[in-house]
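Here is a structure to read through in short questions and answers. Take a first look before going on.

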There are 4 protein chains.
Amino acid sequence: MNKKKICIVVNNRANYARIKTVLKSVQNHKGLELKLVVGASALLDKFGELTKIIKKDRFKISAKLFSIIEGENLTTMAKSTGLGIIELSTIFENIKPDIVLTVADRFETMATAIAASYMNIPLAHTQGGEVTGSIDESVRHAITKLSHIHFPSSIKSYQNLIRLGEDRKNIFLVGCPAMDLAVGVKKDYKVLKNYHGVGSKINLKKPYVIVLQHPVTTEYEDAKYQIEQTLKAIIKIDMQTIWLWPNVDAGSDEISKTIRIYREKNLLKNVRFYKNFTPEDFLKIFINCRCIIGNSSSAIREGSFLGVPAINIGNRQNGREHGKNVIHCNYNQNQIYKSIKKQIKNERFKPQKIFGSGNAGKTIANILYKVKPNIKKKLNYD
Amino acid sequence: MNKKKICIVVNNRANYARIKTVLKSVQNHKGLELKLVVGASALLDKFGELTKIIKKDRFKISAKLFSIIEGENLTTMAKSTGLGIIELSTIFENIKPDIVLTVADRFETMATAIAASYMNIPLAHTQGGEVTGSIDESVRHAITKLSHIHFPSSIKSYQNLIRLGEDRKNIFLVGCPAMDLAVGVKKDYKVLKNYHGVGSKINLKKPYVIVLQHPVTTEYEDAKYQIEQTLKAIIKIDMQTIWLWPNVDAGSDEISKTIRIYREKNLLKNVRFYKNFTPEDFLKIFINCRCIIGNSSSAIREGSFLGVPAINIGNRQNGREHGKNVIHCNYNQNQIYKSIKKQIKNERFKPQKIFGSGNAGKTIANILYKVKPNIKKKLNYD
Amino acid sequence: MNKKKICIVVNNRANYARIKTVLKSVQNHKGLELKLVVGASALLDKFGELTKIIKKDRFKISAKLFSIIEGENLTTMAKSTGLGIIELSTIFENIKPDIVLTVADRFETMATAIAASYMNIPLAHTQGGEVTGSIDESVRHAITKLSHIHFPSSIKSYQNLIRLGEDRKNIFLVGCPAMDLAVGVKKDYKVLKNYHGVGSKINLKKPYVIVLQHPVTTEYEDAKYQIEQTLKAIIKIDMQTIWLWPNVDAGSDEISKTIRIYREKNLLKNVRFYKNFTPEDFLKIFINCRCIIGNSSSAIREGSFLGVPAINIGNRQNGREHGKNVIHCNYNQNQIYKSIKKQIKNERFKPQKIFGSGNAGKTIANILYKVKPNIKKKLNYD
Amino acid sequence: MNKKKICIVVNNRANYARIKTVLKSVQNHKGLELKLVVGASALLDKFGELTKIIKKDRFKISAKLFSIIEGENLTTMAKSTGLGIIELSTIFENIKPDIVLTVADRFETMATAIAASYMNIPLAHTQGGEVTGSIDESVRHAITKLSHIHFPSSIKSYQNLIRLGEDRKNIFLVGCPAMDLAVGVKKDYKVLKNYHGVGSKINLKKPYVIVLQHPVTTEYEDAKYQIEQTLKAIIKIDMQTIWLWPNVDAGSDEISKTIRIYREKNLLKNVRFYKNFTPEDFLKIFINCRCIIGNSSSAIREGSFLGVPAINIGNRQNGREHGKNVIHCNYNQNQIYKSIKKQIKNERFKPQKIFGSGNAGKTIANILYKVKPNIKKKLNYD
């Protein structure tokens, strides 16, 4: 009997953490064959060379595609998506998947969604129905309208999918696969020794914070100002800081440049910069930090599951469901500083299972095996 | 004072009829500057060389882009969209429009929507909220989720946009600009003399029907079977027939090939094939036909306004609002034959203004002038 | 032991005939693994769906890529080449060939040459050093300058490669693989029954001519005028005619359109049009024709080998080596008519082995196996 | 009277210095209209944001195109070229130039050459006929075979063009426009104050060397090793060093990464890194350095004109004509160290006018005005 070919496209380090347990479960499922396609920034060394991690995790890569056009501005973000569609179409033409699965809401994800849906290949989508800011908000809902199978991660997003006119029988509330990795995670003082990084040394036994702040593409012009507020708050707080370089988005270049100028002027005495961690290692570092600062969804998602104090800055996560571990603040160095002061005094928060309870990977694989998707869609009102 | 630059992308002959009065009104508006971009199948001779019509209508073309990849299958439909994004991004980068307007729901339209929205250029969209079949259904709603200004053409579609989570203050119920052209249209027996066409001669003074049947991309495999049902019904009905070649969609090639085989075998004695008419000439022919057959939205939209009997075949218009002029039937030669028999006995139906009353072009231009769009979107529930 | 991966890119029906025996010999060679990539017009039904023939010939296709952008003009010819490079780069990245082989001089061939040479993959090239007109002339020599292994088909072209500064030790005079197929070919009166075609019936037992005339891209504006000269001569000669539709080149659309108008007016009473034949079937038809007319290189290459009378029109083959079977004439209906009159009186010419003696396929496979190419090139003068 | 439209495509900072006086002369010529297109790495901030310099030099940019695909490896080098062709074709379609001029031999230049020559736009080319290593060698000669007008910069390269089969009447020995800028250049101790740079402070009154070392794409695997040899020699020589980041080529990323590791380890005490200088400022710094080290053609071209001691490392300039100012050495830290030791003792060499005498810009503009190019090419032997 022929196995069902499940093609999963990973474009980005964040994609990977959010889908890894699905990759594993599909790979291990007797009725499924995993076709892993890796593209966009997931291939780029400057974002942490995800392919090495993927190989260590023993996934076979079926096809690679370089699709990011240099510039890290709004124009190249659009063009990279166009190039992604062109290449993924050819790849799907040659692989002939039974189902394509796309992850969440980054701009490149749209390429996967268009290539698959236009080619009448049933499209499955994780994280539909959530609410945030930035272009991600538009991307996510547009992908929902192109998708045939939905795997929302929270009750609220499940309900939003129904309100968006999706058919209830194609929506499966499974939780977020990223939570699967967070089950039972323990701190580990030695985990940084496998990573290079630049900046001052970090001792994980002493208190530290994590910063992870991406540009907000719909506030592209303000990228420099926004990151400076965080930089200044971090300088003032003067605690050990693990800082992850931002994603490839319009504005990232501006953020990286601003950080480099601060580094060149020797202003960041207590900070070390990293490109990427494996999802598991990140969680080991995350669970032990005094607080996480920036606008990453990890702070909100895994943060609520692990109970780690978090400061969410600005509009990128605007409107996202979150737990009690999160304090919101504006792009304002004083506000950020005060919020950090407050959060680092906090111990862990009580874990909350807003985004699932840790078994999403297996559940998704099983549904993918059983589901008989219908590629004909219709707005499901009345 | 600088004029507001309104960039309108026309990809297709059908796009043009649906937006022509907007082009005219924007061009004539003192506060607006029209930037007309023509791409995709609108440039191709085999679909009727729209550029000649555009020039005769005295619109200046700001940029042209060839973006259709040959094959007329599902893969090339996706790839053409990717190529469109790449090229439109560069064109927008060089033109720097204040607002981009995209028309309806054809697959190439997505390219305009992605390029503009990713580049933080406010995106206006006509025909959002309507319901149909084919990939158009997915494309239309996905574009709604990327758009900042909505110009729905019917009350029902206005309501659907709100249910889809769009903000009421960005939705303007204006009617369809195609109706503007239909106001006061009169039959004209001489209009065919400007067009070449192939096949038998047509005398517009004698009874005739019109056929306009496109492939349904989500039923790609059945294109040949589906068109044969219509061909056989037309052969049997044996009345003068004006037949328009289908759009560039996955499946068109199959349809055209099937038609050519029937022609080669000399089976189509009473039929003449045309590539394209100007929107105005089409209406002059349309208003006088005994009935229109196929799956074009014109049959339903302009058809209800003009009261022309129409037979809608299959799923392409599945779920679309329509007036009393429409009979639905399946891909079945007998059913089609009987429906034609019935409709050609009918006189005109009473005109219905479901899709507007004929002043959409001016209204849209005025709104585009006044509107201050916000590029930050958020699902507008609760 | 790992086999050496030989990747051969076939973009066009003409490519296929010129490389088929190499494909066979590489496939059968114990030390080589064939990676056949099929793209561009080779995938398009309107040019005769080469993939069906390839499958019947039992070659496995490693990857397919749709890369022709519609328009058949100069702009889309360039763009299709760009798209070809993008896609072939990804395909080579995933296949990792040891050597890439590209065929002759059609515009799409450049895509193969650039992708391979830029990626440091040794590039082998057939038909280098020949002289013709059209853009092919520029393409051919440019590819020579990018190639590491040369397989010229004639002594004169071998010498030209040396004069062009290529290193003698990388040049292998092997003859043209198309001649391999022409060895021992016999006429066959029943061969047309496997092909559809449009137009009047052809009886191969009675006298007939063949027409094969492509646009000359560097005379793009004149495509219509040029083909009309031939059409008029053919009408006047009034003999059975087998006519092959032109290649996908800038100008083809104009040629096809002109032919269709003549057909529509019923002027071509004795002519039948075909999209494509298998290389072997073409030769069976070719060897028996009274003469071949147009500007195809087959008339000159296979024509000299088989001794078939040929009329070469215009500049496309301008400067190409040829045998005694060829009469040259201008784009002039009278000249063409008189030349046909003269040639159809001729019996077969004495076969000439200008382009090889029929063992090129095997020789090339053996050289590909043994050669240790150096990707560092240098103009080899002094 | 209509002016002749001369479209010049600048893809790179090095292109700009080599063509600036032509831009100026075309802009000032009464019969010519300059259409400046800027693309590829010329738009990227990380390579020194050439557009700012271009604006300060008061050239109007007709179109911009982002075309570099991230990765800085061999695959993306090929893909970027493909993307460049796609975009330049559309730009040429919209601009409709009378002549396109392309500069030298970088990989992106091929995109300009293919788009123009395929579109029957006469193509002019500077620096044809020169000999070097790397993929540039192949690119340069391939472009010659696509070009209709040649502007070689040296007698030897003029002769090579004839040997390559180009027609003598299309070859104009004009010298290199970069020399025009070098006429009368004087040192300037204050010039660095306009540039940011990272690393230790540089005092131009004290002795310093310049390093400019690009990857050799045909030795892609060795990029890290090669740059380390130079880094170690520079550390040992311990003199003030102005180091320019490498071009965007396959291997640049590896070079930059290696340099950053050395910087992070604090090994480069006397070195300051710059992204780019204006061509004029570079010459002011260049003329005063003790020697220039690496593999840039500037060391050889402008170096011979200015008489600056130069050390050329490895194969990138392999075979290039040069003056007495150049010492060649291998990728070997000791050899490099000893060569620097030797050259920094040298005073200026006697200037040599191998690559022209400083009036190329005007001469080229005048020829472009008068020339009536023929787009039909033919190998010009015997």
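Q: Which residue just after helix 8 of chain D takes a positive phi?
A: This is a predicted model. Just after helix 8 of chain D, one residue has a positive phi of about 50°. That residue is Asp238(D).

Q: How far apart are the end C-alpha atoms of helix 8 of chain D, and what span should its 15 residues have?
A: Helix 8 of chain D covers residues 223-237. At 1.5 Å a residue, its 15 residues should span 21 Å. The value from the model agrees with this: the end C-alpha atoms are 22 Å apart.

Q: Which residues of helix 8 of chain D are buried?
A: A residue counts as buried if 20 or more other C-beta atoms lie within 10 Å of its own. In helix 8 of chain D, the residues that pass are Ala223(D), Gln226(D), Ile227(D), Gln229(D), Thr230(D), Leu231(D), Ala233(D) and Ile234(D).

Q: Which element gives the largest share of the side of chain A that touches chain B?
A: The contact joins 42 residues of chain A to 42 residues of chain B. On the chain A side, the elements giving two or more residues are helix 3 (74-95), helix 4 (109-118), helix 5 (134-146) and helix 6 (155-163). The largest share is 12 residues, and it comes from helix 3 of chain A.

Q: What distance separates the centres of domain 1 and domain 2 of chain A?
A: The domain assignment of chain A gives domain 1 as 4-182 + 358-370 and domain 2 as 191-345. Taken over C-alpha atoms, the centres of these domains of chain A are separated by 25 Å.

Q: Which helix gives the largest share of the side of domain 1 of chain A that touches domain 2 of chain A?
A: The contact takes 30 residues from domain 1 of chain A and 28 residues from domain 2 of chain A. On the domain 1 side, two or more residues come from each of several helices, among them helix 2 (50-56) and helix 7 (177-182) of chain A. The largest share is 5 residues, from helix 1 of chain A.

Q: Which element gives the largest share of the side of chain A that touches chain C?
A: Here 8 residues of chain A meet 8 residues of chain C. Strand 3 (61-65) and helix 3 of chain A each supply at least two residues of the chain A side. The largest share, 5 residues, comes from helix 3 of chain A.

Q: Which residue of chain A comes closest to the rotation axis?
A: A rotation of 180° with 0.0 Å of shift along its axis superposes chain A on chain C, with RMSD 0.0 Å. The two copies are thus related as by a two-fold rotation axis. At 3.3 Å (C-alpha), the residue of chain A that comes closest to the axis is Glu87(A).

Q: Which strands stand at the edges of the open sheet of 7 strands in chain C?
A: The strand order is 7-10-9-8-11-12-13, with mixed pairing.

Q: What is the bridge partner of Ile210(C) in strand 11 of chain C?
A: Strand 8 (residues 208-212) and strand 11 (residues 291-294) of chain C run parallel, joined by 4 bridges. In strand 11 of chain C, the partner of Ile210(C) is Ile292(C).

Note on methods
Residues are numbered from 1 along each chain as its sequence is written. Chains are lettered from A and ligands numbered from 1 in the order in which they are written. This is a predicted model: local features need pLDDT of at least 70, side-chain atom pairs count only at pLDDT 80 or more; totals for chains, interfaces and linings use all residues. The expected span of a helix is 1.5 Å times one less than its number of residues. A residue is buried if 20 or more other C-beta atoms lie within 10 Å of its own, exposed if 12 or fewer, and partly exposed in between; C-beta atoms are placed from the backbone. Two residues are in contact if their C-beta atoms, placed from the backbone, lie within 7 Å. Domain bounds come from an automatic or database domain assignment. Copies are superposed by least squares on the C-alpha atoms of residues with pLDDT of at least 70 in both. Two strands pair if DSSP finds at least two bridges between them.
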